[in-house]
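Work through the exercises below with the structure in view. Try each task before reading its solution.

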Amino acid sequence: MINLIAHLADWVWLVPALPLFALIVIGSRVLLGRATGDAAEPLTASLASLAALGGFLLLLGIDGMALWHGSVPGHRVSGIWFASGHWQGTISFLLDGLSLSVSTLTALIGWLVIRFSAHYIHREAGFHRFFIVLCLFLAGIQLVLLAGNGLLAFVGWEMCGVASFLLIGYTWQRPVATGNALFAFVTNRGGDAGFLLALGFAAAWLGSFEWPAITAAKQISVADMRLIALGFMLAALAKSAQLPFTPWITRALEGPTPSSAIFYGAIMVHAGVYLLLRLEPLLVQVPDVMIGLVVVGTLTAAYAWLCGLVQTDVKSALIFATVFQVALMFVEIGLGWTTLATAHLCLHAAWRTWQFLLAPSWLALTRGRPAPPPAWLRRNQLLYTAAQQHFWLDKLGHALLVQPTESFAHDLRRLEEHFLDHAIGEPGRGQPIDPKSPLIRADGLPGRVLAASANALQQIENRLLLRGRGGMAEQLLRRIGSYLQTLENLLEQPRYLMMAVMATFVVIL
């Protein structure tokens, strides 16, 4: 038992694996039709809750061992994902003070939100779907926090993005929900491009995706370091809703309240901050990038503060307060105050989770109207209007990102309807290729070619076998068969059989 406790860090892969296992079990029950009705809800919620609790307890054990020994486990490689030449994609984990503290808090918040959601989402049409996506998110965010290399972290990064898209569009029957999900998804793809670009630069110039190799990049020039840092900075700005990517996070509130709490109040909105904290040794080598973080953080804080002053609903006010606090964390990182930024992240995540989960009861608790905007803002009509319109960044993002994406999708749809469907066909819309054979239908170019080939083969068969009483091929086969029958009759006679036996002995001797 003591030996098992001493090697708890080797089992850290279970932290993201347990939610994935719960996801598979819940999904299998849904596919097999065993997750129907109110009676199936407790098991679904219990599976997700146990997975989150198991990860939390495992992390607590690793934290306890680290405190007991006075040192953290550090960088651990569990296996090789793929290898090509001198490149390796490893399944590795980096267990240091930063990752253990944030991941433990995340596991605790995830478990509490799941327990809250079991009652909040009760009898919703998408109850099981909600917990499937929530498990996907918990697995993804733990990969981001615990991964020992950028490649594995990017896998978790994308898992969180997919989960966010699915939960924003939770009520997929409503066009507003699906539209907001598309807006958030498209906006975040810009940040993902920066992440991939930075990983590509790291692979080309450093030959490794591991965080220790990237943060200790001494053998490359400052210009190369700057490009890698800028790629990761772009990813962080998008994921943490900093300017110019801020508008997507207000649309993300379309999802259920528990998902708003864990995604945009507590956990995922801080993923960009965590990424920059992880890259702190690299950032200090490029001071101009850190100055950029201070500038962007300051502008975002001013933007969020002004927009928050004119909000009239609690969730919108909370989300702008969240963006404001996250912007301050960017400023702290840019100034080199990473310890303060880490403490700020953990305290803000815990506080904001409680506020978002309490949001549905806020009106009953306050029994009053929200405070009006300050008088100086009301007197400045231009600034007041700009704050109400979110400085028109929402419309700008829709025009620059969402509309081109929708137009491209419509163009692809028209191409499919007017060309591809006619070329390769659509099931159930075939036309007879021969009026004499109405049952033989063909659809699209492949179907017509196949039907024409079948028709040609049928005609050949008719000419050779089915024409008249036998056809040429049948007559030839009958004649060959008669010759073979005559030969068989001769071989069955005794004298010819003895001659065959004697011939065999002659050949042998």
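**Exercise 1: one residue in its setting**

At 34% relative accessibility, Phe-82 counts as partly exposed, because buried means under 20% relative accessible area, exposed over 50%, and partly exposed in between (1.4 Å probe, protein chains only). This is a predicted model, where local features need pLDDT of at least 70, side-chain atom pairs count only at pLDDT 80 or more, and totals for chains, interfaces and linings use all residues. Residues are numbered from 1 along each chain as its sequence is written, and side-chain values use heavy atoms, with hydrogens and water left out.

Solution. 
- Step 1. Strands (E, at least two residues) and helices (H or I, at least four) are DSSP runs, numbered from the N terminus.
- Step 2. Contact means heavy atoms within 4.5 Å.

**Exercise 2: H2 against H5**

Task: describe how helix H2 and helix H5 cross.

Solution. 
- Step 1. Take the axes of H2 (residues 14-31) and H5 (residues 127-146): they come within 8 Å and cross at roughly 160 degrees. Axes are lines fitted to C-alpha atoms, for helices over the stretch in contact, and angles run from 0 to 180 degrees between N-to-C directions.
- Step 2. H2 and H5 are therefore roughly antiparallel; that term covers angles over 145 degrees.
- Step 3. The crossing of H2 past H5 is left-handed: the near helix is turned anticlockwise from the far one by less than a right angle.
- Step 4. Residues that meet include Leu-20 and Leu-23 in H2, and Phe-131 and Leu-136 in H5.
- Step 5. The contact residues divide into 16 nonpolar, three polar and no charged. Ala, Val, Leu, Ile, Met, Phe, Trp, Tyr, Cys and Pro count as nonpolar, Asp, Glu, Lys and Arg as charged, and the others, Gly among them, as polar.

**Exercise 3: H12 against H16**

Task: repeat the analysis for helix H12 and helix H16.

Solution. 
- Step 1. The axes of H12 (residues 271-278) and H16 (residues 338-358) come within 11 Å, crossing at roughly 150 degrees.
- Step 2. H12 and H16 are therefore roughly antiparallel.
- Step 3. H12 passes H16 in a left-handed crossing.
- Step 4. Val-273, Tyr-274 and Leu-277 of H12 meet Thr-338, Ala-341, Thr-342 and Leu-345 of H16.
- Step 5. Five of these contact residues are nonpolar, two are polar and none is charged.

Definitions and conventions
Parallel < 35°, antiparallel > 145°, perpendicular 65-115°, else oblique.
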